[in-house]
Amino acid sequence: MTGIQVRGLVKDFPVRDKGLFGPRGVKRAVDGLDLDIPRGRITGLLGLNGAGKTTTIKILATLLRPSAGTVTVDGLDSVADARAVRRRINLIAGGERMVYARMTGRENLWYFGQLYDVPKAELRTRIDELLDLVGLADAADTAVERYSRGMTQRLAIARGLINRPAHLLLDEPTLGLDAPIARDLRRVVAELAAAGTGVLLTSHYLTEVEELCGHVYVISGGRHLAQGSPAELKTATGSHRTVRVTVSNPDERTAAVAARFGATREPRPGGGETIVLRHPDDIAGPLAAAIVEAGGSIGGLEITEASLEDAILRLADGDAVVAAPEAGAEAVAAQ
Ligand SMILES: Nc1ncnc2c1ncn2[C@@H]1O[C@H](COP(=O)(O)OP(=O)(O)OP(=O)(O)O)[C@@H](O)[C@H]1O
């Protein structure tokens, strides 16, 4: 069985309710999550701040132990077989650098490569390839304490790829990166997934998630809220694309076209009106053609794509209730 399977995952943190000497309690950060993260696909994990994303990723990376539930990685149990699991996975976390400041970039990669038992002959070429990939070839022999923030982050990305992980966990990987480096990282991640790597991605940049992820889980308060492809989530939450057609000579014939398409009409302050249609499909062309055919004169046409951000906010607000489908099944919205 390949891929990562998460079943009934729970994580409780001990907390004190009122200051240092207050009564002990527990904070349930993850509350019964089921996730399937197959090889060869980029899976997104989304939720607002405090939803439990980082805690989940740390458990998958074996940095935290689950309080209950199981995680299996290519059939290996992530607690009982933690050593073997660690060889198969790696983590790139945008907020945490996870490299040593006193060592050079090359020394860091050498050190981490040895930790992952990468054979020495392979490691040498692998380090050069990765330094090239992240644009650090010229700074390879400079101590990391002299790197800029962005350079340190790029080294952390190279560190995350040093063992050619079968599964890559990415927690806000492009946080603070310059646009060209972020774009290169997205390209590399897409190529790795196409070549069979399993990738789990959390990111606040939802355009990045939309571009990369084939399947997205949305969580809130450590619990499952919804899942599906970005397009399914948008449809399920009613986050449609909006078409606005301004008509300078509206009359009853153009009004009839608007009614036929289920569009609304808004008067324009300077005269004329705007016909507004929210729809999941790309029907701007047929709508505009029908208006012209009815004698309408079009002054402008604007299409606003539905965004994944809109869908996630609707989900988080509880505006949309999305049934939890089995993987691959259609998500269904009930407003
Ligand atoms: N060590 C800890 N002790 C107590 N509570 C914790 C601990 N780590 C996380 N939490 C709490 O668990 C919840 C989930 O936190 P987590 O960092 O996993 O969320 P997140 O979805 O990654 O949020 P963000 O988007 O802000 O990074 C939060 O309420 C957080 O305060």
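Six strands make an open sheet here, running β6-β7-β8-β3-β9-β10 with mixed pairing; two strands count as paired if DSSP finds at least two bridges between them. Helices (H or I, at least four residues) and strands (E, at least two) are DSSP runs, numbered from the N terminus. Heads-up: this is a predicted model, where local features need pLDDT of at least 70 and side-chain atom pairs count only at pLDDT 80 or more, while totals for chains, interfaces and linings use all residues. Residues are numbered from 1 along each chain as its sequence is written.

- The edge strands are β6 (89-93) and β10 (223-228), each pairing on one side only.
- From one strand to the next, the twist averages 20°; axes are lines fitted to C-alpha atoms, for helices over the stretch in contact, and angles run from 0 to 180 degrees between N-to-C directions.
- β6 and β7 run parallel and are joined by 5 bridges.
- I89 has H167 of β7 as its bridge partner.
- α5 packs on the sheet and touches β6 and β7, with its direction at about 170° to that of β6; contact means that the C-beta atoms of two residues, placed from the backbone, lie within 7 Å.
- α6 packs on the sheet too, touching β3, β7 and β8, and its direction makes about 145° with that of β8.

**Helix α6**
- This helix (residues 179-194) has 16 residues and spans 23 Å from first C-alpha to last, close to the 22 Å expected at 1.5 Å a residue; the expected span is 1.5 Å times one less than the number of residues.
- Its buried residues are L185, V189 and A193. They sit on the same side of α6 because they cover an arc of only 70° around the axis, taken from the directions from the helix axis to the C-beta atoms.
- Some background: an α-helix has 3.6 residues a turn, so residues three or four places apart point the same way.
- For burial, count the other C-beta atoms within 10 Å of a residue's own, all placed from the backbone: 20 or more is buried, 12 or fewer is exposed, and in between is partly exposed.
- The cover over the buried residues of α6 includes β3 (42-46), α5 (149-161), β7 (167-171), β8 (198-202) and α7 (206-212).
- On the face turned away from the buried side, α6 carries the exposed residues P180, R187, E191 and A194.
- After α6 comes G196, with a positive phi near 115°.

**Around the ligand**
- The residues around the ligand are F13, V15, K27, A29, G47, N49, G50, A51, G52, K53, T54 and T55, where near means a C-beta atom, placed from the backbone, within 6 Å.
- β1 (4-16), β2 (24-37) and α1 (53-60) are the elements that give two or more residues to this shell.
- α1 supplies the largest share of the shell, 3 residues.

**Y116**
- You'll find Y116 in the loop between α3 (105-115) and α4 (120-133).
- Y116 is partly exposed because it has 16 other C-beta atoms within 10 Å.
- Leaving out residues up to four places away in sequence, Y116 touches R87, I162 and N163.
- Y116 and A82 are 34 residues apart in sequence and 13 Å apart in space, C-alpha to C-alpha.

**Whole chain**
- The protein chain has 11 helices and 16 strands.
- Its C-alpha atoms fill a box of roughly 75 × 55 × 45 Å along the principal axes.
- Of the 335 residues in the protein chain, 38% are buried.
- Among contacts with a separation of 6 or more, 70% are between residues 24 or more positions apart.
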